[in-house]
Amino acid sequence: MATGTTKDRLLHLLLIEDDEIDVISVRRCLHDIGAAVTLKEVSSGAQAFEALRENPRLPWLILLDLNMPRMSGLEFLRTLRADPALRHLPVVVMTTSTDERDVRAAFGHHVAGYFVKPLNDGRFRDIFSAIERYWHASEVP
């Protein structure tokens with residue numbers, strides 16, 4: 001059974017997404033379901049690593065787009081999993097890629113989930129509600 005109050009159990013998310021429409025969709029969805037979250041938004045893998053190294057409070061979950069300029073989501077995953085201080089962080093991929101190679105590569109880097117965008121509002125809410133329930137029910141550091 002999870003411990004701590006709801007205030008203590010804020011879900012800290014890092015969103016790595018370069019499409020502003022998708023960022024707005026995530027924000028709106030989290031608001032609509034009344035999620036107890038803090039959301040840090042960055043638009044590239046390089047910015048994500050800066051945020052991860054600058055903030056002593058690591059996110060409980062990373063939401064990752066695969067198709068980004070400069071550093072793809074798969075490159076981000078490779079680098080994340082090679083870093084002993086960060087490799088444990090759970091990642092959920094939300095991407096437009098239906099390519100089986102991308103799906104296999106993402107799961108090869110131990111992602112917690114893989115969802116194809118665009119997600120309609122109902123599906124988006126279902127996914128985020130499930131993620132929030134899971135993290136609030138789990139024992140987390």
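Colleague: At roughly what angle do the axes of helix 2 and helix 3 cross in this model?

Modeller: This is a predicted model, and in it the axes of helix 2 (residues 45-54) and helix 3 (residues 73-82) cross at roughly 30° and come within 10 Å.

Colleague: Why is helix 2 called roughly parallel to helix 3?

Modeller: Angles under 35 degrees count as roughly parallel. The crossing is at roughly 30°, so helix 2 is roughly parallel to helix 3. The crossing is also right-handed.

Colleague: Which residues of the two helices meet?

Modeller: From helix 2 come Gly-45, Ala-48, Phe-49 and Leu-52, and they meet Phe-76, Thr-79 and Leu-80 of helix 3. Five of the contact residues are nonpolar, two are polar and none is charged.

Colleague: Now the sheet. How do you know that strand 1 and strand 2 pair?

Modeller: Pairing needs at least two bridges. Six bridges join strand 1 (residues 11-16) to strand 2 (residues 37-42), so they pair, and they run parallel. One example is Ile-16, whose bridge partner in strand 2 is Val-42.

Colleague: What makes strand 2 and strand 5 the edge strands?

Modeller: The five strands form an open sheet in the order 2-1-3-4-5, with parallel pairing. Strand 2 and strand 5 (113-116) each pair on one side only, and that makes them the edges. From one strand to the next, the twist averages 20°.

Colleague: Which strands does helix 1 touch as it packs on the sheet?

Modeller: Helix 1 touches strand 1, strand 2, strand 3 and strand 4. Its direction makes about 180° with that of strand 2. Helix 1 (residues 20-32) also belongs, with strand 1 and strand 2, to a right-handed β-α-β unit.

Technical notes
Residues numbered from 1 in each chain as written. Predicted model: local features only at pLDDT ≥ 70, side-chain atom pairs only at ≥ 80, totals over all residues. Heavy atoms only, no water. Axes fitted to C-alpha atoms, helices over the stretch in contact; angles between N-to-C directions. Helix = DSSP H or I, 4+ residues; strand = E, 2+ residues; numbered from the N terminus. Parallel < 35°, antiparallel > 145°, perpendicular 65-115°, else oblique. Left-handed = near helix turned anticlockwise from the far one by under 90°. Contact = heavy atoms within 4.5 Å. Nonpolar A, V, L, I, M, F, W, Y, C, P; charged D, E, K, R; others polar. Right-handed = clockwise from strand over helix to strand, strands pointing away.
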